[in-house]
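I opened this model to look up a few charged pairs and some backbone angles. My notes follow in the order I took them.

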Amino acid sequence: MPVSTTAHGHPRPGGPGRLAGRTVSRVGFGAMQLERLHDDRPAALALLRRAVELGVDHVDTAQFYGNGFVNGVIRDALRPEDDVLVVSKVGADPDPGGRIPLRPAQRPEQLRASVESNLTALGLEQVPVVNLRRLDNGPGLRAEGDQVVDVDDQLAVMTALRDEGKIGAIGLSSVTADVLRRALPAGIVCVQNAYSLLSREDEEMLALCVAEDIAWVPYFPLGSGFPGLPKVTDEPAVLDAAKALDAAPAQVGLAWLLQHAPNVLLIPGTADPDHLAANTEAGSLALDPATVAALDAVPSRSPRMTLD
């Protein structure tokens with residue numbers, strides 16, 4: 001099967017990329033928003049099946065998405081013949097009764113328990129890629145007390161799980177460049193940090209990932225998901241480009257990411273079939289040099305919001 005198409009022969013949105021030694025479509029799917037369909041499970045299943053039809057073969061998830069609901073949908077919607085690369089993450093646990101519905105789970109024994117929970121919920125013998133979500137960088141939770149754990153101790157249990165065959169490869173999320181450098185000997189295959197046209201403080205880390213052949217998988221690819229913080233789709237240069245290209249502003253923001261670096265893989269999330277189609281169509285949106293220059297000139301203004 002040519003790398004330009006998926007296992008089902010569908011064209012790859014965004015073209016082919018590489019993750020954990022496999023070819024995947026550069027536009028994948030972030031499953032977090034499937035929890036919005038908690039009361040309409042058939043719609044959630046149908047959305048994932050539609051993603052496969054649109055050429056998606058890289059799905060990002062976590063056991064704390066919907067307190068296991070999302071992983072259950074993935075288990076029931078995806079089939080072995082779809083050849084979808086499922087990437088999960090550990091480092092936080094569901095906390096349905098808390099003010100924030102998740103809590104840090106950074107200790108080695110918690111990381112192992114989370115991998116086991118993912119295996120059970122997904123119905124897999126091995127999770128192909130598991131991201132260690134640190135709490136060092138970007139908007140979100142911060143570790144305190146016994147949740148402040150040295151990355152070497154965390155990587156020791158992650159590599160042990162890989163040696164046991166329970167995970168296939170290790171990624172990192174919400175990390176600093178120093179942590180990435182320390183982790184390189186463990187064989188890191190991807191980095192997930194908050195990154196977008198408006199949030200480009202990690203350019204040095206992105207360059208390091210290009211040099212080390214590590215996939216760069218930005219979350220919040222259209223700016224912060226928190227209310228009141230900057231969004232790519234509100235930026236005048238993005239709106240101008242969208243009008244000129246007869247495209248949606250979100251498509252321009254996603255297309256900029258794909259053209260910005262060769263190792264970028266996207267995992268935009270949605271619970272809406274029309275938005276899903278628009279996100280995959282962004283993979284074929286070409287930005288001319290003048291448009292890229294105008295977008296590159298937009299100042300980075302990364303939020304440093306934390307959730308206490």
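I started with R41 and looked up its accessibility. R41 has a relative accessible area of 29%, so I noted it as partly exposed. The model is a predicted one, and I read every value below as computed from it.

Next I asked which residue forms a salt bridge with R41. The partner is D76, and the closest N and O atoms are 2.8 Å apart. I then placed both residues: R41 is in helix 1 (residues 41-53) and D76 in helix 2 (residues 69-77). They are 35 residues apart, and the pair links distant parts of the chain. D76 is also partly exposed, because its relative accessible area of 41% falls between the 20% and 50% cut-offs.

D76 has a further entry in my list. Its side chain meets that of R75 in a salt bridge, at 3.1 Å from N to O. I looked up R75 as well and found a relative accessible area of 38%, which means partly exposed.

I moved on to E235, whose side chain meets that of R301 in a salt bridge at 2.4 Å, N to O. E235 lies in the loop between strand 11 and helix 7 (236-245), and R301 in the segment after helix 10 (289-296), so this pair ties together parts that are 66 residues apart in sequence. Is E235 buried or exposed? I have E235 down as buried because its relative accessible area is 11%, under the 20% cut-off. R301 is partly exposed, with 35%.

Back to the shared partners: R41, R75 and D76 are joined into one network by their salt bridges. For the total, I recorded 18 salt bridges in the structure. As a reminder to myself, side chains of opposite charge can pair when their charged atoms come close.

Then I turned to the backbone. Most residues other than glycine have a negative phi.

I found S174 in the loop between strand 9 (167-173) and helix 5 (177-183). Its relative accessibility is 3%, so S174 counts as buried.

How accessible is D213, buried or exposed? I noted D213 as exposed, because its relative accessible area is 68% and the cut-off is over 50%.

Definitions and conventions
Residues are numbered from 1 along each chain as its sequence is written. This is a predicted model: local features need pLDDT of at least 70, side-chain atom pairs count only at pLDDT 80 or more; totals for chains, interfaces and linings use all residues. Side-chain values use heavy atoms; hydrogens and water are left out. Helices (H or I, at least four residues) and strands (E, at least two) are DSSP runs, numbered from the N terminus. Buried means under 20% relative accessible area, exposed over 50%, partly exposed in between (1.4 Å probe, protein chains only). A salt bridge is a side-chain nitrogen of Lys or Arg within 4 Å of a carboxyl oxygen of Asp or Glu.
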